[in-house]
Amino acid sequence: MTPPYRVGDELPLLEIPVTRTLIVAGAIASRDYQDVHHDAASAREKGSPDIFMNILTTNGLVGRYITDHFGPTAVLRKVAIRLGAPNYPGDVLRLTGRITELRTADTSSADTSSADTSSDEVVDAVEAIEAVVQVTGGNGIGRHVTGTVAVTLPEPSAKRAGA
């Protein structure tokens with residue numbers, strides 16, 4: 001059987017309109033009350049042309065990008081991002097990704113330290129695939145985000161939609 005994912009696979013483009021509402025709502029949801037994320041006059045006083053998206057909102061959008069692609073049973077294990085060009089209202093964030101590594105991940109949820117391995121008892125453990133995805137996101141002024149996401153895919157034998 002052919003694995004459903006391969007190193008080098010490209011994830012489809014995701015375009016997210018960057019609205020004033022998205023920026024403010026993301027800041028509020030992440031409890032980031034810095035005025036540069038909701039008050040245009042304060043942002044301008046500090047040298048920015050307008051309010052801009054905070055890193056936690058970008059982090060959440062990167063996570064959404066990954067789970068939208070791999071499905072609701074995917075588990076984000078690590079998200080490491082770095083910001084570049086700010087996301088201002090009226091722009092579009094364009095996220096792309098590429099699988100750079102696939103490995104077996106142990107998703108054991110049982111404590112087997114005292115298990116009797118001589119019995120026929122079934123242990124609640126499965127081997128799953130962990131994918132490492134390089135993610136980039138740009139906007140009209142440049143590269144907004146670069147990062148790496150490790151995601152566990154608990155059903156490696158399931159076929160991708162459209163594959």
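Me: Let's begin with Phe52: in which loop is it found?
Reply: Good place to start, keeping in mind that this is a predicted model. The two elements on either side of the loop are helices, one of them spanning residues 40-45. Phe52 is found in the loop between helix H2 and H3.

Me: Does Phe52 count as buried, partly exposed or exposed, and at what relative accessibility?
Reply: Buried would need a relative accessible area under 20%, and exposed would need over 50%. Phe52 counts as partly exposed, because its relative accessibility is 23%.

Me: Which residue lies 34 residues from Phe52 in sequence and 6.1 Å from it in space?
Reply: Leaving aside neighbours within four places in sequence, Phe52 is in contact with Ile23, Val36, His37, Pro86, Asn87 and Tyr88. One of these is 34 residues away in sequence, with a C-alpha to C-alpha separation of 6.1 Å. That residue is Pro86.

Me: Asn87 is on that contact list too. Which side chain is joined to that of Asn87 by a polar contact of 2.9 Å?
Reply: Asn87 is found in the loop between strand E2 (75-83) and strand E3 (91-106), and it counts as buried because its relative accessibility is 0%. Beyond four places in sequence, Asn87 touches Val18, Ile23, Ile51, Phe52, Met53, Leu93, Asn139 and His144. Its side chain makes a polar contact of 3.2 Å with the side chain of His144. The polar contact of 2.9 Å is with the side chain of Asn139.

Me: Asn54 lies in the loop between H2 and H3. What is the length of the polar contact that joins the side chains of Asn54 and Thr57?
Reply: Asn54 counts as buried, because its relative accessibility is 3%. Its side chain also makes a polar contact with the side chain of Asp32, at 3.1 Å. For the polar contact between the side chains of Asn54 and Thr57, the value is 2.6 Å.

Me: Which residues of helix H1 (residues 20-29) are buried?
Reply: On the other side of H1, Thr21, Ile28 and Ala29 are exposed. The buried residues of H1 pack against strand E1 (10-18) and helix H3 (55-70). These buried residues are Ile23, Gly26 and Ala27. They sit on the same side of H1 because the arc they cover around the axis is only 100 degrees.

Me: How many residues does the largest nonpolar core have?
Reply: The residues with the most contacts inside this core are Ile66, Phe70, Leu95, Val133 and Val135. E1, H3, E3, strand E4 (127-139) and strand E5 (142-153) each supply at least two of its residues, and H3 gives the largest share, five residues. The size of the core is 25 residues.

Me: Which residues is Val135 in contact with, leaving aside its neighbours within four places in sequence?
Reply: Val135 is among the residues with the most contacts inside the largest nonpolar core. Leaving aside neighbours within four places in sequence, its partners are Val62, Tyr65, Ile66, Leu95, Thr96, Gly97, Val145, Thr146, Gly147 and Val149.

Me: Stepping back, which pattern does the chain follow along the sequence?
Reply: The secondary structure comes to three helices and five strands. Read along the sequence, the pattern is β-α-α-α-β-β-β-β.

Me: Over which residues does pLDDT stay under 50 while the model has five contacts beyond four places in sequence?
Reply: The mean pLDDT of the chain is 86, and 79% of its residues reach 70 or more. Where pLDDT is low, the predicted coordinates should not be read in detail. Residues 158-163 stay under 50 and have seven contacts beyond four places in sequence. The stretch with five such contacts is residues 109-124.

Conventions: Residues numbered from 1 in each chain as written. Predicted model: local features only at pLDDT ≥ 70, side-chain atom pairs only at ≥ 80, totals over all residues. Heavy atoms only, no water. Buried < 20%, exposed > 50% of the residue type's maximum accessible area, 1.4 Å probe, protein only. Helix = DSSP H or I, 4+ residues; strand = E, 2+ residues; numbered from the N terminus. Arc of directions from axis to C-beta. Contact = heavy atoms within 4.5 Å. pLDDT = per-residue confidence, 0-100. Polar contact = N/O pair within 3.5 Å; in protein donor to acceptor, adjacent residues only side chain to side chain. Core = buried A, V, L, I, M, F, W, Y, C linked by side-chain atoms within 4.5 Å.
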